[in-house]
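Take a look at the chain below. This short report walks through its charged pairs and a few of its helices.

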Amino acid sequence: MAERPEDLNLPNAVITRIIKEALPDGVNVSKEARRAISQAASVFVLYATSCANNFAMKAKRKTLNAGDVMSAMEEMEFERFLQPLREALEAYKKGQKGKKEASEQKRKDKEKNSTDENDKSKDEEEEEHMDEQEGENEGEEEEN
């Protein structure tokens with residue numbers, strides 16, 4: 001756990017990017033306003049986490065899940081954010097699933113290529129071995 005309140009602040013670059021995305025072009029935000037927004041965001045995260053933790057504790061769990069966060073948002077009277085939050089969570093899950101599938105496909109392709117290369121190497125070794133045997137056989141025939 002953080003020892004000082006300042007340790008709980010979100011990175012300034014993240015806050016600045018969020019602010020820029022939320023405001024129209026040409027709107028300037030003072031350093032003091034960015035700092036205030038950063039602190040407010042940190043307080044919001046702490047409060048939401050505390051509320052979500054209460055739901056997890058009621059369910060006798062130590063791990064917070066998305067349902068706990070949704071319930072916390074409702075309890076904090078942020079119902080209007082629930083649908084966008086659900087949509088963002090669904091998009092995140094789909095993205096993660098896509099990454100996992102791509103990773104598995106890449107692993108399978110790598111294994112297949114490795115197997116194909118091993119099979120190819122075995123075929124080449126067998127051909128070389130057969131060529132050597134043919135050469136030996138020809139040499140024996142010439143001696144006879």
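## Salt bridges

This is a predicted model. The structure holds three salt bridges. Side chains of opposite charge can pair when their charged atoms come close.

R17 and E21 form one of them, at 3.9 Å from N to O. Both residues sit in helix α1 (residues 12-22), four residues apart, about one turn of the helix. R17 is partly exposed at 48% relative accessibility. E21 is exposed at 63%.

R107 pairs with E111 at 3.0 Å, N to O. These two are also four residues apart, in helix α4 (residues 82-143), so about one helical turn separates them. R107 is partly exposed at 43%, and E111 is partly exposed at 42%. An α-helix has 3.6 residues a turn, so residues three or four places apart point the same way.

R61 is partly exposed, with 29% relative accessible area. D68 counts as buried because its relative accessibility is 4%, and buried means under 20%.

D68 belongs to helix α3 (residues 66-75), where M70, A72 and M73 are buried too. N65 caps the N-terminal end of α3. A side-chain oxygen of N65 lies 3.0 Å from the backbone nitrogen of G67. Just after α3, E77 has a positive phi of about 65 degrees.

## A serine in helix α2

Is S42 buried or exposed? S42 is buried, at 5% relative accessibility. S42 lies in helix α2 (residues 31-58). Leaving out residues up to four places away in sequence, S42 touches L8, N9 and L10.

Conventions:
Residues numbered from 1 in each chain as written. Predicted model: local features only at pLDDT ≥ 70, side-chain atom pairs only at ≥ 80, totals over all residues. Heavy atoms only, no water. Buried < 20%, exposed > 50% of the residue type's maximum accessible area, 1.4 Å probe, protein only. Polar contact = N/O pair within 3.5 Å; in protein donor to acceptor, adjacent residues only side chain to side chain. Contact = heavy atoms within 4.5 Å. Salt bridge = Lys/Arg side-chain N within 4 Å of Asp/Glu carboxyl O.
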